[in-house]
Amino acid sequence: MADLPQGWEARGRPPALFRRFEFERYGETRVFLDAVAALTEETGVHPQNINFGTTYVNITLESADGSEPGSAELDLAARINALTGSAEP
């Protein structure tokens, strides 16, 4: 698989991209979730799984055709990273 955006890991077979984002309080989590929703509508690429709690969000990105994640998923992962203001996990 191509170089993964910082903080993301490949899991499973075929691999999916996974990352956990952590926040100090629910307000930050909610803003992030709203921004991810707007970004996925803009790009037309949607995570296969998002789960969250008060201070965390887990996101899984898979290829639409069931193969290894490609440039669309890698680009979305990088753009999601940018929503946090930092690529650091």
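F32 is buried, since its relative accessible area comes to 3%, and buried here means under 20% relative accessible area, with exposed being over 50% and partly exposed in between (1.4 Å probe, protein chains only). Before going further, note that this is a predicted model, where local features need pLDDT of at least 70, side-chain atom pairs count only at pLDDT 80 or more, and totals for chains, interfaces and linings use all residues. Residues are numbered from 1 along each chain as its sequence is written, and side-chain values use heavy atoms, with hydrogens and water left out.

So what sits around that ring? A search of the whole structure turns up 3 aromatic pairs. The rings of F21 and F32 are tilted, because their centres are 4.8 Å apart and their planes meet at 40°. For the cut-offs: rings of Phe, Tyr and Trp (its six-membered ring) pair if their centres lie within 6.5 Å, and planes under 30 degrees apart count as stacked, over 60 as edge-to-face and the rest as tilted. This pair links distant parts of the chain, with F21 in strand β2 (residues 16-22) and F32 in helix α1 (residues 26-43), 11 residues apart. Those labels come from DSSP runs numbered from the N terminus: helices are H or I with at least four residues, strands are E with at least two.

F21 is buried too, with a relative accessible area of 3%. F23 and F32 make another tilted pair, at 5.1 Å centre to centre and 45° between the planes, and F23 counts as buried at 16% relative accessibility.

β2 and strand β4 (residues 56-61) pair over 6 bridges in the antiparallel sense, and F21 has V57 as its bridge partner in β4.

Next come the helices. Axes are lines fitted to C-alpha atoms, for helices over the stretch in contact, and angles run from 0 to 180 degrees between N-to-C directions. α1 and α2 pack at about 145°, with their axes 10 Å apart. Which residues meet there? From α1 come F32, A35, V36, L39, T40, E42 and T43, and from α2 L76, R79, I80 and L83, where contact means heavy atoms within 4.5 Å.

Finally, two arginines are worth a look. The charged end of R11 sits over the ring of F18, 3.8 Å from its centre, and that of R20 sits over the ring of Y56, 4.0 Å from its centre. The test is that NZ of Lys or CZ of Arg is within 6 Å of the ring centre and within 35 degrees of the ring normal.

Conventions: Pairing = 2+ DSSP bridges.
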